[in-house]
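Let's go through this one by asking a few questions and working out each answer from the coordinates. Have a look at it first.

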Amino acid sequence: MPAVPRSALLLLPLLGFMVLTYLVPFLGILRWSVTLPEPGFGQYQTALTDPLVLAVFLRTFRTCAVVTLVTVVASYMITLLWVRGTPMQRLVVEFCILIPFWISVLTRAFGWLALLSTKGIINTWLQTTGILSEPLTMVRNEFGVIVGMVHFLIPFAAFPLASAMRTVDERVLLAARGMGASRARVFTQVFVPMTAPGVLGAALVVFVFALGFFVTPAILGGGRSVMAAELVYLRIFQSPNWGLGAAISVILMLGVGGLLALLMRQVRPAGTR
Amino acid sequence: MLKISAAEIGAEGIGKSYGSFAALTDVSLTIAPGEFLTLLGPSGSGKTTFLMILAGFEAATTGRLTLNGADMTATPAETRAFGMVFQGYALFPHMTVEQNIAFPLKVQGRSDGDIKRRVAEMIEMVGLGGHGHKRPSGLSGGQQQRVALARALAYDPPVLLLDEPFSALDKNLRGQMQDEVRRLHREIGTTFVFVTHDQSEALALSSRVAIFNHGVLEQIAAPKDAYECPANRFVAEFLGDINILPLTDVSSRHDGAQASFEGQNLQMTSGLGGPSGTLAVRPEYMSLCLTPPQTGNAIKAVLRDLTYLGAETQLSLTTPGGVSLRLSSPTATLPQGLASGMTVWVAWPADRGTFL
């Protein structure tokens with residue numbers, strides 16, 4: 001048996017906490033999914049064949065894919081300014097990333113509601129200035145959900161991207177430029193490939209976070225754009241079908257786990273150095 | 001033999017300041033086509049700043065740069081496209097050795113066949129056959145250095161700039177890479193500008209050495225001239241050990257000068273024209289005698305310490321006036337029976353000293 005340093009004992013409280021608050025409840029969920037209302041895999045069959053549940057899964061996946069793409073692209077541009085901008089630009093970007101990061105997700109969702117709803121700030125302004133006669137529908141649909149989620153997730157993509165960009169050796173970029181490469185070429189063929197592991201990492205974090213989103217879709221989707229996590233909530237708290245809710249949870253969990261494993265394999269060998 | 005057109009570079013009154021700090025002051029020099037020029041100086045002397053200005057990565061605050069006579073002061077780095085080897089190599093970590101070397105050729109829009117042929121040629125030239133498909137992280141420091149050289153030379157740049165390229169290598173590898181760079185310079189014949197803080201590296205490699213201190217170009221000369229006829233005390237001391245003798249009663253004669261040191265008469269026939277307050281003599285030109293020699297210069301000194309190094313022996317001495325001297329002498333030529341505390345004579349030929 002390999003020697004374990006005694007300091008590893010310090011991890012025990014955390015391990016105990018994780019077992020009590022995550023593992024035990026998760027095993028409970030797992031049990032519900034195969035015992036309620038009667039023993040068997042009936043709930044999994046329902047979850048994987050019921051058109052309503054499948055539609056929610058599909059919407060969840062599609063929304064998360066779009067959110068991930070938009071978040072990573074936007075974060076890449078923002079982070080570029082954060083890492084390589086002038087000191088003033090850096091300061092502004094830092095505030096714009098950190099301040100929303102500290103504000104509760106609930107507050108931010110309601111903030112977007114105030115901004116985007118049919119009687120919200122943007123629509124009121126568009127109508128009073130006469131640009132539009134009818135309000136734009138920007139909430140209670142996927143658009144609103146995507147806006148709210150992207151806004152919430154940008155910091156989570158910006159942090160791994162920033163650390164990837166900071167490890168890029170300035171001299172490598174100078175070397176490329178010194179060999180006659182234009183700035184655009186240095187960016188696309190040297191800088192972006194060198195930060196690719198960071199991009200994959202950021203995409204992974206965002207996608208996994210997005211899959212489990214509950215509050216933002218619930219508020220900005222207004223019940224019309226239900227995502228997987230909200231469906232679980234509805235099945236457990238509003239229609240007493242605990243078994244189905246549990247089965248959906250387990251499927252979601254397996255999806256996240258599988259995705260993590262897949263992406264880890266992609267990121268590892270190409271890792272920066 | 002010039003395989004490619006080596007460029008001549010001119011710098012006139014180049015200055016660079018960061019706020020109130022002057023990193024470079026009024027540097028003027030001409031780099032001849034095909035020359036191997038070393039920029040030498042302690043850290044913070046401005047040598048790297050000057051290289052960055054040559055490359056176009058930094059803009060000079062004052063002055064003018066020319067390339068083959070044409071003004072290039074405002075030409076951006078990517079248009080100058082001088083080859084550059086950076087400290088730490090700066091290879092593209094996401095590309096293989098071949099892709100690294102091919103990068104500048106692709107930038108130039110050469111045909112695939114041409115690129116393939118040239119890459120193979122460069123890999124051969126720097127002795128990296130069989131490593132073409134590896135990433136830089138799979139190579140040793142010396143091999144990465146060779147890739148950096150191959151990449152910088154692949155597209156026949158008019159000038160190759162090297163920024164302390166060997167500082168991360170151990171001593172043996174350093175010697176090998178120095179030979180390698182000298183060979184490449186001989187074979188390719190392009191202009192090399194090399195930055196180092198290592199004086200022996202500078203003397204060994206270059207056709208001329210430019211010595212920087214506090215942002216000022218102190219002297220530019222062939223290694224032998226700089227070493228034997230340093231322009232000032234900084235250059236004299238930076239290039240190696242040297243003994244500095246304060247002089248009095250300096251007067252010129254038809255074939256040189258004479259002066260007095262602690263009452264002893266000294267003759268000088270070389271290194272004239274300096275401000276002539278002191279005489280500088282390299283320790284290897286001084287020898288030790290038990291009696292005053294018939295010709296040349298000699299001063300009396302007390303032997304303080306001997307360090308036996310095998311073939312060489314290092315000696316430290318003090319003159320009656322309190323000036324310290326260091327000598328290094330082949331052990332075989334030293335008189336027998338030397339011991340600390342003895343009074344001896346330190347002698348050197350009249351043409352082996354420089355006025356500072």
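Q: Which residues does Met179(A) touch, not counting residues up to four places away in sequence?
A: Bear in mind that this is a predicted model. Met179(A) is found in the loop between helix 8 (170–178) and helix 9 (183–211) of chain A. Leaving out residues up to four places away in sequence, the list for Met179(A) reads Ala81(B), Phe103(B), Pro104(B), Val107(B) and Tyr155(B).

Q: Is Met179(A) buried or exposed?
A: The cut-off for calling a residue buried is 20 or more other C-beta atoms within 10 Å of its own. Met179(A) has 26 C-beta neighbours inside 10 Å, so it counts as buried.

Q: What distance separates the C-alpha atoms of Met179(A) and Met77(A)?
A: Along the chain, these two methionines are 102 residues apart.

Q: Which helix of chain B gives the most to the side of chain B that touches chain A?
A: Across the interface, 19 residues of chain B are in contact with 17 residues of chain A. Helix 2 (77–80) and helix 3 (97–107) of chain B each supply at least two residues of that side. With 3 residues, the one that gives the most is helix 3.

Q: How many nonpolar residues are on the side of chain B that touches chain A?
A: Sorting that side by class gives 1 charged and 4 polar residues. The nonpolar count there is 14.

Q: Where does the largest nonpolar core lie?
A: This core has 106 residues, and among those touching the most other members are Leu51(B), Ile101(B), Ala150(B) and Val346(B). Both domain 1 (9–237) and domain 2 (243–355) of chain B give residues to it, so the core lies between domain 1 and domain 2.

Q: Which residues is Ile101(B) in contact with, leaving aside its neighbours within four places in sequence?
A: Ile101(B) is one of the core residues that touch the most other members. Setting aside neighbours within four places in sequence, its contacts are Val119(B), Met122(B), Ile123(B), Val147(B), Ala150(B), Arg151(B) and Ala154(B).

Q: What share of the contacts in chain B with a separation of 6 or more comes from residues 24 or more positions apart?
A: For some background, chain B has 9 helices and 21 strands, and buried residues make up 40% of its 356 residues. Of the contacts in chain B with a separation of 6 or more, the share from residues 24 or more positions apart is 66%.

Note on methods: Residues numbered from 1 in each chain as written. Chains lettered and ligands numbered in written order. Predicted model: local features only at pLDDT ≥ 70, side-chain atom pairs only at ≥ 80, totals over all residues. Core = buried A, V, L, I, M, F, W, Y, C linked by C-beta atoms within 7 Å. Buried ≥ 20, exposed ≤ 12 C-beta atoms within 10 Å, placed from the backbone. Domains from an automatic or database assignment. Contact = placed C-beta atoms within 7 Å. Helix = DSSP H or I, 4+ residues; strand = E, 2+ residues; numbered from the N terminus. Nonpolar A, V, L, I, M, F, W, Y, C, P; charged D, E, K, R; others polar.
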